[in-house]
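The sequence and the structure come before the notes.

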Amino acid sequence: MNESRMESEESWETPRALRASILRLMARDAHTLYAYWEITDRKKWLASQHFGCDWSELPKVLRLYDVTHKWFDGHNANEVREIVLTPEADNWYVPKLNANTVYMADYGVYTWERQFVPFLRSNAVRTARDCPAGWGEPIVCVVPEASNPHPPAYIPPYSLENFERGQSC
């Protein structure tokens, strides 16, 4: 009886309906990224209802942004590359990229008027260097914005949002 229970627990998987939609980027090497995604059935259904067609008919697109040295707001990328995906794809290698560059991606669809509608946004990832660091150069590049004490729209936290060690309720 225990063996059958162990087998059922090992083969158990989170139901697809309970999973969250995700888009992740990973650096494969200095010039290639790997992207993978999962869209929930609910999000697919909502898109189908909105566009009035089946999800499989919508052209899927991976839009890649070069956001190096940017506070990215969705419109101010250094460079944008669009990749039209095959309908059944749930992952993609993106080759021929710049080394030591920060990228983000959106996964979405084209409307019939070729307007891009994003559904998911990825994490930011930096491609590796393709040359060794020189003497005195940092191994990992420091983003210029990191030297600013706060972003332009910084809102200081309220005292209730801070906790000090040693305090009791």
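Which residues do ring pairs link into a cluster? The cluster consists of Tyr34, Tyr36 and Tyr93. The model is predicted, so local features need pLDDT of at least 70 and side-chain atom pairs count only at pLDDT 80 or more, while totals for chains, interfaces and linings use all residues. Residues are numbered from 1 along each chain as its sequence is written, and side-chain values use heavy atoms, with hydrogens and water left out.

**Aromatic pairs**
- Six aromatic pairs are found in a search of the whole structure; rings of Phe, Tyr and Trp (its six-membered ring) pair if their centres lie within 6.5 Å, with planes under 30 degrees apart counted as stacked, over 60 as edge-to-face and the rest as tilted.
- Tyr34 and Tyr93 form a tilted pair, because their ring centres are 4.9 Å apart and their planes stand at 45°.
- This pair links distant parts of the chain, with Tyr34 in strand 2 and Tyr93 in strand 5, 59 residues apart; strands (E, at least two residues) are DSSP runs, numbered from the N terminus.
- Tyr93 counts as partly exposed because its relative accessibility is 47%; buried means under 20% relative accessible area, exposed over 50% and partly exposed in between (1.4 Å probe, protein chains only).

**Nonpolar cores**
- The largest nonpolar core has 24 residues, and Leu25, Leu33, Trp37, Trp55, Leu62, Leu64 and Tyr107 have the most contacts inside it; such a core is a set of buried Ala, Val, Leu, Ile, Met, Phe, Trp, Tyr and Cys residues joined through side-chain atoms within 4.5 Å.
- At least two residues of this core come from each of strand 1 (22-29), strand 2 (32-38), strand 3 (60-66), strand 6 and strand 7.
- Strand 6 gives the largest share of this core, four residues.
- Another core, of eight residues, lies apart from it and includes Val61, Tyr65, Phe72 and Val102.

**Trp55**
- Beyond its neighbours within four places in sequence, Trp55 is in contact (heavy atoms within 4.5 Å) with residues including Ile39, Lys60, Tyr107 and Phe119.
- The charged end of Lys60 sits over the ring of Trp55, 4.7 Å from its centre; this requires NZ of Lys or CZ of Arg within 6 Å of the ring centre and within 35 degrees of the ring normal.

**Loop residues**
- Thr111 is in the loop between strand 6 (102-110) and strand 7 (116-121), and counts as buried because its relative accessibility is 12%.
- Pro87 lies in the loop between strand 4 (79-84) and strand 5 (91-94), and is exposed, with a relative accessible area of 55%.
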